[in-house]
Each structure stands twice: as C-alpha cells, then as structure tokens.
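Colleague: Please show me the model, and then I will ask about its folds and contacts.

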Amino acid sequence: MVSLRNVRRQTSNQKPTREAAPTRIVVPVSGDEGDRRLLDIIGKIGARQRVDVTLVFVVEVQQSMTLDAELPNEIERGERALGNAETLAEQLLGENRHSPVRTELLQARSAGAAIVDEAIDRNADMILLASTLRRKYGRVTTGETIAYVLKNAPCEVILVRLAMADWQNDEIE
C-alpha cells in the first residue's frame with residue numbers, strides 16, 4: 001500500500017529508491033481529458049519512487065453480443081487511447097527508466113469488473129481513476145464503473161473528480 005502523504009513529504013532532491021519494490025498502479029484510460037490529469041499524477045509519483053504502471057482500456061460488450069465479438073471501431077479507439085496515454089506516461093516519467101508502462105486492451109461485459117480483475121491480476125497497490133459528475137434518472141452519479149471499483153477493489157482507489165466547464169450548482173443539486 002502506498003501512502004500519498006509519504007510521497008508528498010519527500011524532498012524534491014531525493015531520488016527514487018531502486019531497491020524498494022515499485023508501487024503497482026492500474027490506470028483505466030478512456031481517451032478523454034481525464035487521462036492527462038491521471039498521467040500527471042503518475043508522473044509526480046514516479047518522480048519520487050519507482051512505479052509499475054498498467055494502462056487499461058476496456059471495451060464493454062453488450063449482453064446481446066458474444067464476449068469475443070469483433071468491435072473494430074471500439075478497438076481502434078482503445079488502441080489510440082492506449083498509445084497516446086503510453087507515450088505521455090513515458091514522457092512524464094522521464095528519467096525514471098525503472099518504471100515500466102504496460103498497456104492492456106480488454107473486452108468485458110462490465111468495465112468496473114475488468115478493472116478490478118486487472119488490479120487483482122497485477123497485485124496492484126492502487127487504482128487511479130478519473131470521473132465527472134452526471135445525472136442518471138434524476139440523480140447525480142459518477143457512474144456504475146466507479147461505484148463498482150470503489151466497492152470491490154482489493155487496493156486503494158484514488159478518484160479524481162474532474163472540474164466541470166459549465167459548472168452550476170443548481171444543475172447538480
């Protein structure tokens with residue numbers, strides 16, 4: 001388990017300890033503006049300690065289709081999102097070449113379950129997610145994926161709620 005307090009308290013002239021085990025982080029990406037924010041956080045953590053980053057894009061398959069259905073548009077979108085995120089992550093981690101960045105393109109019925117399964121498979125120390133608030137059935141929510149990950153993750157979950165460009169209190173209340 002990683003403590004962000006300890007990460008922040010280290011001075012900037014301290015180099016990552018090479019002997020320590022890396023912090024294993026699973027980062028679901030979607031190809032939108034939230035990815036940049038998540039990767040900035042990864043870069044800051046990676047500047048202070050070794051990290052082992054797994055970027056995940058989940059293609060959700062509808063129940064009416066077989067799980068291995070070919071979805072070329074969604075797969076292309078996922079590959080593009082993962083490629084962009086991997087390039088940015090490697091740039092932000094910079095000199096910390098002992099911090100590997102992996103990518104996983106998954107097909108699943110539920111993105112939340114796929115993210116939690118990936119965290120279990122990778123023995124992750126944390127899952128780093130981004131979300132915005134939205135309305136569903138008249139209620140404010142972050143969505144089913146976030147709720148599932150928060151409830152079922154075997155590790156720490158860090159959720160970044162992105163700022164809303166057209167923020168108005170009466171829209172959310």
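The questions and answers below go from the whole chain to single residues.

Colleague: What kind of model is this, and how are residues numbered?

Modeller: Residues are numbered from 1 along each chain as its sequence is written, and side-chain values use heavy atoms, with hydrogens and water left out. Local features need pLDDT of at least 70, side-chain atom pairs count only at pLDDT 80 or more, and totals for chains, interfaces and linings use all residues, since this is a predicted model.

Colleague: Which pattern does the protein follow along the sequence?

Modeller: Helices (H or I, at least four residues) and strands (E, at least two) are DSSP runs, numbered from the N terminus. The protein has six helices and seven strands. Read along the sequence, they give α-β-α-β-α-β-α-β-β-β-α-β-α.

Colleague: What percentage of the residues is buried?

Modeller: Buried means under 20% relative accessible area, exposed over 50%, and partly exposed in between (1.4 Å probe, protein chains only). Of the 173 residues in the protein, the buried share is 40%.

Colleague: What share of the contacts with a separation of 6 or more joins residues 24 or more positions apart?

Modeller: Contact means heavy atoms within 4.5 Å. Among contacts in the protein with a separation of 6 or more, the share from residues 24 or more positions apart is 78%.

Colleague: Are H2 and H3 roughly parallel or roughly antiparallel?

Modeller: Axes are lines fitted to C-alpha atoms, for helices over the stretch in contact, and angles run from 0 to 180 degrees between N-to-C directions. The axes of helix H2 (residues 33-46) and helix H3 (residues 72-93) come within 8 Å and cross at roughly 30°. Angles under 35 degrees count as roughly parallel, over 145 as roughly antiparallel, 65 to 115 as roughly perpendicular and the rest as oblique. H2 and H3 are therefore roughly parallel.

Colleague: Which handedness does the crossing of H4 and H5 have?

Modeller: The axes of helix H4 (residues 111-121) and helix H5 (residues 144-152) come within 8 Å and cross at roughly 35°. A crossing is left-handed if the near helix is turned anticlockwise from the far one by less than a right angle, and right-handed if clockwise. The crossing of H4 and H5 is right-handed.

Colleague: Is Thr 142 buried or partly exposed?

Modeller: Thr 142 lies in the loop between strand E6 (139-141) and H5. Leaving aside neighbours within four places in sequence, Thr 142 is in contact with Ser 131, Thr 132, Leu 133 and Arg 134. Its relative accessibility is 22%, so Thr 142 counts as partly exposed.

Colleague: What is the phi of Asn 123?

Modeller: Most residues other than glycine have a negative phi. Asn 123 is in the loop between H4 and E4, and at 52% relative accessibility Asn 123 counts as exposed. Although Asn 123 is not a glycine, its phi is positive, at about 55°.
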